[in-house]
Amino acid sequence: MNKSRLKVAHFSFRDVHGAPGAAYELHKGLLACGLESDFFVREKTRPDDRIIKIGYSDSPEERLLRAIDKLYFDANRPDTGTAPVSFDQVGIPWTHKLENELKKYDLFHIHWVDGFLSINNIYQMLKLGKPVIWTMHDFHPFTGGCHCPELCTKYQGNCSDCPELKYNPADITKIILDEKKSKYLSGIYLTAASEWLKEIVHKSSVFRNHVCKVIPIGIDTDCFVPKKKSDMKERLGIPAGTKVILAGAQSLEQKVKGYGNLKQIFQYLVRDKYCKLLIEQKKLVLLTFGSKNKTEMSDHVIPVINMGFISDRAELCMIYNAADVFIFPSIQDTFGMTAVEAMSCGVPVVAFHVSAMKEVIIDGVNGYTAETGGFASMAASISHILRDEPVCVEKCRKRITDHYTNIKVAEKMTQYYHECLDKNTGNCLEKTDQKNTEMDRFIHQCAFEIMTGAVKNKFVNLGIEEMVMEFNPEFISPEDKIYKLIQSGRISQEMRVHIYGAGEFGKRTIKALERNRIGITDVLDCDISKNGTSLEGYHIRTPEEKSNSDGRKIIIAGFNYSGMMKNLINLGYIYQQDFY
């Protein structure tokens, strides 16, 4: 094997946003370093020949496992504000064709793979005798199902009696953790984005004896660059001279992200002498991006502008550069990409002295940290930045370009690959395959309860028939859906269609239809506030009764598939005839 030309296979659920987006940036960095790198995904959105899609299976077995994941894990949480809990049995069919394809690679790099690779998939990968590098993007690889345990430390033992599930049939979280302990024995080499996360990984009962190297997440510092702040504010419609506080994440609703702390921080901020003056002069706003928090801040005197979920990085760069300070109130985050991206734009960050932030932020250089729960201290730092501008844009950005660029991270990762290849014996697994009878019993019990209607947790009141519908986005991406509709002849280039759903799924559906030259009439959405606006250049309107329709097919493009489907049925449309 020529070590200077390593062949790496990456595995990530998708290729954009958050952890998957970071994995894709690493893949590009490795290519720039001269490695051969391919990117295996469940959902493909980028037009990149190096991205290899392993789509969803239509098999009854996979649909059952996904139904179990929804009903017994996601819908079984006592608090939907907590991080997700997932079933590690949902994976891809392991075929001889796939196995032969993977044998050509020197090593495998796993990223965020929940709902893509099962425990058994990873076990089969280990049996090929190649090193498996696994980047810890959250806690899920070493817990019984949760992605972020907050104060719970059961992952250090056996994950029995999981507090994140309302009821725990067969103590399934313990069964899952036991299976990970038996199948993740050796051949797995870990990376963590911070010393803080590495310490947690080594406390886990699954990985306490595994090698773990600290390699940060890379940032595209060529995309996230400083821009003229006044111009960016003007483009967002923010009056000149206004101070902007920015907060954002993919989802503002998860408690672990800490956005519930904003209210407490702002209670101190509005009493600050300088900020009070800004408020009186109407020169202070809170700008946010990401899925809206259910706990709005409208009861505060500071105006709030929510930009929604941002998928375009150029737009995100503009938003960062409109800010005078970025607040990162997370209490347990494996890295904090949004904070680092903001610093790359020269925007100082105020965060709690926890997780990776205590390693990334140097007080006075690229921001300030406060002890957890130090809301008054956070407010004081925010006011200090707004009033005195103590952080130099150049020094703030330099902290990131010196340590967190894609190419620097790719170089560190390449060195680690060589180290893992030298250590790897090729005899990763000595144990023979053993069937997990406890897991089988749990799945059989779930199948019986679902089919008989005895399941305790109803997911948005869905029956099993609706859970496994062919075009339910729980099981199929917008891109796969359009491909399947075209292949089956249900839509064609000679047709024009309506899209139902003006959100992120709507955008992806538009792009998939345009790529395949399918005509789009307009976009339908029940949100009255969107009526008369546009999505990707297409007019948005409220759906009408079938008698008033033009007879064109409707493509549902939303995560609440069942609710949207029922709305159309109430308007007189027929499933699989008028809409998909």
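Predicted model: local features only at pLDDT ≥ 70, side-chain atom pairs only at ≥ 80, totals over all residues.
Ala, Val, Leu, Ile, Met, Phe, Trp, Tyr, Cys and Pro count as nonpolar here, Asp, Glu, Lys and Arg as charged, and the others, Gly among them, as polar.

Overall, the count of cavities of 30 Å³ or more comes to seven.

## H1 against H15

On to the helix pairs. Helix H1 spans residues 18-32 and helix H15 spans residues 406-423; their axes come within 8 Å and cross at roughly 75°. Angles of 65 to 115 degrees count as roughly perpendicular, so that is the label H1 gets relative to H15.

From H1, the contact uses Glu 25, Leu 26, Gly 29, Leu 30 and Ala 32, while H15 brings Asn 406, Ile 407, Val 409, Ala 410, Met 413, Thr 414 and Tyr 417. Sorted by class, the residues of this H1 and H15 contact are eight nonpolar, three polar and one charged.

## H4 alongside H5

Helix H4 (residues 119-126) packs with helix H5 (residues 172-183) at an angle of about 5°, and their axes sit 10 Å apart. Since angles under 35 degrees count as roughly parallel, H4 and H5 are therefore roughly parallel to each other.

Which residues of H4 and H5 meet? On the H4 side they are Ile 119, Asn 120, Tyr 123 and Leu 126, and on the H5 side Ile 176, Glu 179, Lys 180 and Lys 183. That gives the contact of H4 with H5 four nonpolar, one polar and three charged residues.

## H18 across H19

For helix H18 (residues 478-487) and helix H19 (residues 504-515), the axes come within 8 Å, with a crossing at roughly 40°. That angle makes H18 oblique to H19. As for handedness, H18 passes H19 in a right-handed crossing.

H18 makes the contact through Pro 478, Glu 479 and Ile 482, and H19 through Phe 505, Arg 508, Thr 509, Ala 512, Leu 513 and Arg 515. The residues of the contact of H18 with H19 split into five nonpolar, one polar and three charged.

Notes
Residues numbered from 1 in each chain as written. Heavy atoms only, no water. Axes fitted to C-alpha atoms, helices over the stretch in contact; angles between N-to-C directions. Helix = DSSP H or I, 4+ residues; strand = E, 2+ residues; numbered from the N terminus. Parallel < 35°, antiparallel > 145°, perpendicular 65-115°, else oblique. Left-handed = near helix turned anticlockwise from the far one by under 90°. Contact = heavy atoms within 4.5 Å. 1 Å grid on protein atoms, 1.4 Å probe; cavity = no way out; pocket = protein on both sides within 12 Å on 5 of 7 lines; lining within 4 Å. Points joined across faces, edges and corners; volume = space filled by probe spheres on them.
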